[in-house]
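Visitor: Hi, could you walk me through this one? I'm new here.
Guide: Happy to. Let's have a look together.

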2 protein chains.
Amino acid sequence: MGKEMIQQSGGLDIVEGFFTRGVHCGIKKSNNDLAIIFSEIPATAAAVFTTNQVCAAPVNLTRRNLEKHHKFQLVVINSGVANACTGSKGVDDAIQMAQMAAREFNIKDPSLVAVASTGVIGDFLPLNKIEIGIKKAHDFYPDNPSGHDTARAIMTTDTFKKEKAVSFFIDGQECNMAGIAKGSGMIKPNMATMLGFIITDAAIDPKSLQKALKGAVDMSFNRVTVDGDTSTNDMVLLMANGKRGKMMINENHPDFFIFQEALNQVCQDLAKDIARDGEGATKFINVVVQKARNESEARAVAFTVAESPLVKTAFFGEDPNWGRIMAAVGRSGISIQPEKINIVFNGVPFVEEGMGNQKMTRNELRTVVQTKELEILIDLGLGSASFNVWTCDFSYDYVKINSHYS
Amino acid sequence: MGKEMIQQSGGLDIVEGFFTRGVHCGIKKSNNDLAIIFSEIPATAAAVFTTNQVCAAPVNLTRRNLEKHHKFQLVVINSGVANACTGSKGVDDAIQMAQMAAREFNIKDPSLVAVASTGVIGDFLPLNKIEIGIKKAHDFYPDNPSGHDTARAIMTTDTFKKEKAVSFFIDGQECNMAGIAKGSGMIKPNMATMLGFIITDAAIDPKSLQKALKGAVDMSFNRVTVDGDTSTNDMVLLMANGKRGKMMINENHPDFFIFQEALNQVCQDLAKDIARDGEGATKFINVVVQKARNESEARAVAFTVAESPLVKTAFFGEDPNWGRIMAAVGRSGISIQPEKINIVFNGVPFVEEGMGNQKMTRNELRTVVQTKELEILIDLGLGSASFNVWTCDFSYDYVKINSHYS
């Protein structure tokens, strides 16, 4: 006993010493659009940010604040407006949003506040509405937290809320971790932004926390693609307030791997849900590339296949179209040998040594792809490295959601 | 007089010493599916081929034959089956297809025959049907050529045939050039293959011909993208039979630039038509990147924007969504400075110094994108290099065409 991980259903509320709440403040016509994640005490923090060079003001502010203390006490998130491409006014607005939240929750140093935004690019933040939202959320403090409402408040065109909670043991002490995320969607047709917020009551030193998060994100959020478009506002943030830690541990502690495992699990489950809920998605697809020369080549192939519009529309049509996968592999930029390639769909060989399965008819192959979850295993026959990417198909609804002018 | 280029409407038929014909041989249920381009005498030839490493058998055979003589006398093209990923049988089938055509048209050396295929990947060529088609085409020889039928025979889901013809003067002698092309489409949902065949009665030496074609393709076919998926079967082939050349000229001849100009014009008009007729396209879009540090960086930005599903669906929805373009520029892999970027749609500034046009409303901007042809000018403010890409929008019909199982 003591080493296993326990799946929890409670969401953010199970983590000790945090108050979280989502409210509607009027940025969007209906539905929650503002979320607060508050820790009773400043929590050790780690984060990863978008690599897009067109980077929204809240991302820059949160990155700067993180570097200052490696601690956050509060996160305030709005959906509906991204505060991206908004120049110096956007920078001021992000700072004001942090200050408003700090004031309301009685935090002396506003650089202990992280801000995140998602929604339309180019519009300015409606600060009056955001102020109302922060006050509304504070009205629930401390007696009425709601992790579920918080998860809902960061959604844009997501069709379901994404949350995950686990418990685990460090030094025999039970600790909790929970996360929420949002994926590819928007209330106005702008950006598919990926946001993730994870909280834990374990006690982890800042360097090890950042390392753990980086590792977990590489194994999860960085393996999701819906359409290859990286947002200006992507952010995954982790806060550890130590409320249940006997002592602060670092990566050399024998139980650190348990913490890492819990974090991996939370991030992976959230990331898979993002792929499952990709705009217009009807299928979840795990593209696994094996026997590549090295991981970077495996990665190049996996992303080329997972982002090919022809591959994705074929999946939507339940067409066993392995030819499009071969063609995507062939243009992925790495050196391949077509006659060494094997491709297996959900355990059924579709391509053997570069040619189609000669024993099954196209209609027989078709029944294999008529399923909600698909694993496409691409064996390059060149080495021993592998990489996988989670994605979804490309449907009429993807076009509908993203071409809709409002 | 004598230097100008004359636009011609006749298609392939205007070029002296060539017989071309398209027929229906039953690979497809209806519509032409086999084309012959025959030169009375072996013609100097040049070609460029797909860079996809999963390369169809006909592409490999034609490349090998070209290297042998730098001459072709006949091209035989089928649509409906791509003969890709077909192993050693596919290689034999391509050779047989060339041999059948050589026999019928009385060509002693079958390596003077080029073959091209487009259609479903993985299926084997129906050689019996192809043989019937070659005979059928030969029945029209020599009195009933038809460039229009030939243009139709290489189409897959193209909605209109693509042909272009011009006349020009070399050494005071009028010469002709004509080309046909097919774009992004397929009768079964497989590959979007780009094929182009250009013939001329000018006399050009093989090295200069290859150089001219490479230059023209870089300025035309290589600037078209519909969905970023490179085919296994792409090929552009140029034949010059010299029937109207007083003498064979090379790139040092004072009139060589006229030949190059004619070739550029033919290739560009065909390439633009391919973008215009992209699967499901409702708009033609010219993405022009200016003031980049160098052409390779300009190219990276232009293709990232032109291939972004979010940008393309926004155009379909006539949404003036410059934010998605900024985001695509930001993830294009080159170093940029967002605050230096200006974006102009059809002459109207949408982004100024990285921020949205503050003087026009979203609805005013919208009227600018409500047009069939759009020029998106992206000024990076970093240097003096530029590059442009022709593309189209991303519609319901793109998904429909490519998800349809048949």
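Visitor: What does the side chain of A:Thr391 make a polar contact with?
Guide: Its partner is the side chain of A:Lys312, at 2.7 Å. A polar contact is a pair of N or O atoms within 3.5 Å; within protein, one must be able to donate a hydrogen and the other to accept it, and residues adjacent in sequence count only if both atoms are side-chain atoms. This is a predicted model, where local features need pLDDT of at least 70, side-chain atom pairs count only at pLDDT 80 or more, and totals for chains, interfaces and linings use all residues. Residues are numbered from 1 along each chain as its sequence is written, chains are lettered from A and ligands numbered from 1 in the order in which they are written, and side-chain values use heavy atoms, with hydrogens and water left out.

Visitor: Is A:Thr391 buried or exposed?
Guide: Buried, because its relative accessibility is 2%. Buried means under 20% relative accessible area, exposed over 50%, partly exposed in between (1.4 Å probe, protein chains only).

Visitor: And which strand does A:Thr391 lie in?
Guide: In β15 of chain A, residues 385-392. Strands (E, at least two residues) and helices (H or I, at least four) are DSSP runs, numbered from the N terminus.

Visitor: What is the strand order in the open sheet of chain A?
Guide: The six strands go β13-β12-β11-β14-β10-β15, with mixed pairing. β13 (355-356) and β15 of chain A are at the edges with a single partner strand each, so one side of each has no neighbour in the sheet. Two strands pair if DSSP finds at least two bridges between them.

Visitor: How many bridges join β11 to β14 in chain A?
Guide: Four, and the two strands run antiparallel. A:Asn342 stands opposite A:Asp379 in β14(A).

Visitor: Switching topic: how many aromatic pairs are there over all chains?
Guide: The count is 21. Rings of Phe, Tyr and Trp (its six-membered ring) pair if their centres lie within 6.5 Å; planes under 30 degrees apart are stacked, over 60 edge-to-face and the rest tilted. One of them is A:Phe38 with A:Tyr141, edge-to-face at 5.3 Å centre to centre and 90 degrees between the planes.
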